[in-house]
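Thanks, everyone. Let me put the model up, and then we'll go through sheet, pockets and backbone.

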Amino acid sequence: MTLLRGFPPIARSDATRLVLGSMPSETSLAKGEYYGHPRNAFWPILGALLGFDPGAPYAERCEALHRARIALWDVLACCERPGSLDADIVASSIVPNDFGTFFAAHPQIRVLYFNGSTAENAFRRHVRPRLPEPLRALPTLRLPSTSPAHAGRSFEAKRAAWSCLVE
């Protein structure tokens, strides 16, 4: 099985909020873009909330996150996973990203938002125990996954849940 490697964060140094996924899908990895699957609701939701075209070029979508002071990253730096489902991540292969360095470079982060339960669980298990106390106390909120695999909620329900990111 191939070891998958994620992307660097999308973040300006003045970001105040951090959205965390688990690991990019096969489609995202192939495109070299976060949330690259055409049915993933991430960009349409953020476009609706921040007022940008979710079909705009990737660099423009990333710039919209910068302007909103929203950072985007994944909990996992690398892992083994056949396919794209979070449920298929091989637990013994998980290597988390370097959050100590990230938080040192982004000291204004005040809230962590998880794009689904896998990201939240991986952070709590593999990252949070290694952080210094002030960072362990950062408020967190799990949001409904924007993945097309999680079709139990409508787009509007997901958008409503994600609206806390901009309130």
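Start with strand 1 and strand 4, residues 76-80: they pair in the antiparallel sense, over 3 bridges. Pairing here means that DSSP finds at least two bridges between two strands. In that pair, L3 stands opposite E80 of strand 4.

A word on the basis. This is a predicted model, where local features need pLDDT of at least 70 and side-chain atom pairs count only at pLDDT 80 or more, while totals for chains, interfaces and linings use all residues. Residues are numbered from 1 along each chain as its sequence is written, and side-chain values use heavy atoms, with hydrogens and water left out. Helices (H or I, at least four residues) and strands (E, at least two) are DSSP runs, numbered from the N terminus.

Now the pockets. On a 1 Å grid over the protein atoms alone, a pocket is an open set of points where a 1.4 Å probe fits, with protein on both sides within 12 Å along at least five of seven lines; lining residues have an atom within 4 Å of a point. Grid points are joined across faces, edges and corners, and volume is the space filled by probe spheres set on the points.

The largest pocket holds about 510 Å³. Its lining has 29 residues, and S25, N40, S84, D86 and S147 lie nearest the centre. Helix 1 (26-31) and helix 5 (117-126) each supply at least two lining residues. Helix 1 gives the largest share, 3 residues. By class, that lining is 8 nonpolar, 17 polar and 4 charged. Nonpolar is Ala, Val, Leu, Ile, Met, Phe, Trp, Tyr, Cys and Pro; charged is Asp, Glu, Lys and Arg; the others, Gly among them, are polar.

The second largest pocket holds about 170 Å³. Helix 5 gives the largest share of its lining, 5 residues. Among the lining residues are L76, D86 and R125. The classes are 5 nonpolar, 3 polar and 2 charged.

Last, the backbone. Most residues other than glycine have a negative phi. Y35 has a positive one, near 50°. Y35 sits in the loop between helix 1 and helix 2 (42-50). Is Y35 buried or exposed? Y35 counts as buried, because its relative accessibility is 14%, and the cut-offs are under 20% for buried, over 50% for exposed and partly exposed in between, with a 1.4 Å probe and protein chains only. R69 also has a positive phi, about 60°. R69 lies between helix 3 (58-67) and strand 3 (70-74), in the loop. At 29%, R69 is partly exposed.
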